[in-house]
Amino acid sequence: AEPWPPKAEAIQLDEPARVEVSAQQASWFKIPVSQPGILSGDFEIAASVLSFALFDASGKDLQLQASFKPKQSVAWQHVVSPGVLYLRAMHEPDADVATKGVIAWLPLDPGEPDGSLQQARPMEFGKPLSMKFTPQGEVDWVRIEAPGSGVVRWRVDGWDKKVAGNSAPVA
C-alpha cells in the first residue's frame with residue numbers, strides 16, 4: 001500500500017487552479033477546504049482514459065469515482081465538507097500525453113433546502129426570483145400561490161440549458 005498521506009501538489013482554490021495530470025503516473029492534489037461547497041473539475045482528455053478519486057485527510061474514500069474516455073471535454077462536481085482533501089487523477093497505463101484542466105471550489109446553493117415539494121421556496125407574483133443550481137443536475141422547487149384559476153407563465157433569463165416547460169395550468 002502507498003504511504004498516507006500521498007506526496008501531493010498543494011493547490012489553493014481562492015480562484016480556479018490550472019493543473020496538469022501526468023501521462024505516466026498518478027497525479028495527487030492536496031486541497032484545503034475551509035467551508036462546505038462543491039469541488040469541480042473541467043478537463044480536456046486527449047489520448048487515454050482519465051479517472052479521478054477523492055479522499056479525506058485520513059485516507060477515507062469520498063466516493064468520487066469518475067472515469068472518462070479519451071478525446072472529450074469532461075466536467076465533474078462533488079459536494080465537500082471542510083478539511084484537507086486529496087484528489088487523485090490518473091491515466092490508464094498506455095497514456096503518452098499529459099492532460100490539463102481546472103479544479104475549482106463553488107459555494108453551495110444559498111437557497112437550500114429546496115430540493116423537494118415539502119421544502120419549496122415561496123415565490124411572489126411579479127417579483128423576480130434568483131436561483132442557483134449547484135451541484136450540476138440539482139432540482140429546486142418553488143411554490144407559487146395563484147390569486148385565482150388560469151395559467152401561470154414564467155420567463156427564465158441567463159439560462160443556457162433547456163427548462164422543463166414555461167407555463168402551467170392553475171385550478
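**Entry 1: E1 and E3**
I started with strand E1 and strand E3 (residues 27-33), which pair in the parallel sense over two bridges. Strands here are DSSP runs of E with at least two residues, numbered from the N terminus, and two strands pair if DSSP finds at least two bridges between them. I found Glu9 opposite Phe29 in E3.

A note on what I am looking at: this is a predicted model, where local features need pLDDT of at least 70 and side-chain atom pairs count only at pLDDT 80 or more, while totals for chains, interfaces and linings use all residues. Residues are numbered from 1 along each chain as its sequence is written, and side-chain values use heavy atoms, leaving out hydrogens and water.

**Entry 2: the five-stranded sheet**
I then traced the open sheet that runs E1-E3-E8-E5-E6, with mixed pairing. At its edges I noted strand E1 (9-10) and strand E6 (66-68), each pairing on one side only.

**Entry 3: the four-stranded sheet**
Next I followed an open sheet of four strands, E2-E9-E4-E7, with antiparallel pairing. Strand E2 (17-21) and strand E7 (72-80) each have a single partner strand, so one side of each is left without a neighbour in the sheet. Neighbouring strands of this sheet are turned by 25 degrees against each other on average, direction ignored; the axes are lines fitted to C-alpha atoms, and angles between N-to-C directions run from 0 to 180 degrees. I counted five bridges in the antiparallel pairing of E2 with strand E9 (residues 99-106), and Val19 has Gly101 in E9 as its bridge partner.

**Entry 4: a salt bridge**
How many salt bridges does the structure hold? I found one, taking the term as a side-chain nitrogen of Lys or Arg within 4 Å of a carboxyl oxygen of Asp or Glu. Glu20 pairs with Lys100, with the closest N and O atoms 4.0 Å apart. The two lie 80 residues apart in the chain, Glu20 in strand E2 and Lys100 in strand E9. I also checked exposure (buried under 20% relative accessible area, exposed over 50%, partly exposed in between, 1.4 Å probe, protein chains only). Glu20 is partly exposed at 42%, and Lys100 is exposed at 58%.

**Entry 5: the core**
Of its 24 residues, Ile31, Phe43, Phe52, Leu87 and Ile103 touch the most other members.

Terms used: Core = buried A, V, L, I, M, F, W, Y, C linked by side-chain atoms within 4.5 Å.
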